[in-house]
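Please look at the structure below before reading on.

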Amino acid sequence: MAVSLQALSPLSVDAGGSERARHYETVLQHIDALLEGETDWIAAMATVACALHHAFDYYHWTGFYRAVSDDLLIVGPYQGTHGCLRIPFCRGVCGAAARTRQTQLVPDVHRFPDHIACSSTTQSEIVVPVLTPDGRLLAVLDVDSDEPAAFNAIDQHYLEQLCAELGRRFAHTPQR
Ligand code: SME
């Protein structure tokens, strides 16, 4: 059984690279344990959003947008203040991640053309697609921070690892 998340202090944005990486290893291990045997995709998204949100000081909005059709995302489980409800693939950072199926790492949202400002305090953002092994887009994981350039290659590496695992586990979910 992984270390209890309650025993884990939220990681500061100032933490060094190796500390950040170690923290992700622990958090992902914990998420893995929490999801053991779970087959419900909504329950999994809610659990992941909660676990991540409370494990990092610099995560200020943490959640999923579900790909409900070939060109529309609808908000799923999240933590933080209100998120917009619907995002077409042609709009915003989330739409870009859904359209390109590539992680979008945005150090300064004010320089991202077409960023959708759900909160005026957001400064940086990372959005990672959740793809099944056969290439179906289930959702995107969106994390927004009030800190400038909060996310780096370490965040990207571990969040991509997490989303790949979710895509494998929930490849057969009929829920979108
Ligand atoms: N900033 C995102 C929209 C989602 S919210 O910020 C929660 C975007 O540009 O896609």
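Within how many Å do the axes of H1 and helix H2 come, and at roughly what angle do they cross? The model is predicted, and in it the axes of H1 and helix H2 (residues 41-55) come within 10 Å and cross at roughly 155 degrees. Angles over 145 degrees count as roughly antiparallel, so H1 is roughly antiparallel to H2. The crossing of these two helices is right-handed. On the H1 side, the contact is made by His23, Val27, Ile31 and Leu34, and on the H2 side by Thr47, Val48, Ala51, Leu52 and Ala55. Sorted by class, the residues of this contact are 7 nonpolar, 2 polar and no charged.

Helix H1 (residues 17-34) also packs with helix H4 (residues 153-169), their axes coming within 9 Å and crossing at roughly 15 degrees. H1 and H4 are therefore roughly parallel to each other. H1 passes H4 in a right-handed crossing. From H1, the contact includes Gly17, Arg20, Ala21, Tyr24 and Glu25, together with Leu28, Ile31 and Asp32. From H4, Ile154, Asp155, Tyr158, Leu159, Gln161, Leu162, Glu165 and Arg169 take part. The contact of H1 with H4 has 8 nonpolar, 2 polar and 6 charged residues.

| Pair | Axes come within | Crossing angle |
|---|---|---|
| H1 and H2 | 10 Å | roughly 155 degrees |
| H1 and H4 | 9 Å | roughly 15 degrees |

The second topic is the cysteines. The model has 1 disulfide. Cys84 and Cys118 form this bond, with their sulfur atoms 2.4 Å apart. The pair links distant parts of the chain, 34 residues apart. Cys84 lies in the loop between strand S2 (72-79) and strand S3 (86-88), while Cys118 lies in the loop between strand S4 (104-106) and strand S5 (124-131). Cys118 is partly exposed, with a relative accessible area of 35%.

Cys50 is partly exposed, at a relative accessible area of 34%. Cys94 is also in no disulfide, and the nearest cysteine sulfur, that of Cys84, is 7.4 Å away. Is Cys94 buried or exposed? Cys94 is buried, with a relative accessible area of 4%.

Key:
Residues are numbered from 1 along each chain as its sequence is written. This is a predicted model: local features need pLDDT of at least 70, side-chain atom pairs count only at pLDDT 80 or more; totals for chains, interfaces and linings use all residues. Side-chain values use heavy atoms; hydrogens and water are left out. A disulfide is a pair of cysteine sulfur atoms within 2.5 Å. Helices (H or I, at least four residues) and strands (E, at least two) are DSSP runs, numbered from the N terminus. Buried means under 20% relative accessible area, exposed over 50%, partly exposed in between (1.4 Å probe, protein chains only). Axes are lines fitted to C-alpha atoms, for helices over the stretch in contact, and angles run from 0 to 180 degrees between N-to-C directions. Angles under 35 degrees count as roughly parallel, over 145 as roughly antiparallel, 65 to 115 as roughly perpendicular and the rest as oblique. A crossing is left-handed if the near helix is turned anticlockwise from the far one by less than a right angle, and right-handed if clockwise. Contact means heavy atoms within 4.5 Å. Ala, Val, Leu, Ile, Met, Phe, Trp, Tyr, Cys and Pro count as nonpolar, Asp, Glu, Lys and Arg as charged, and the others, Gly among them, as polar.
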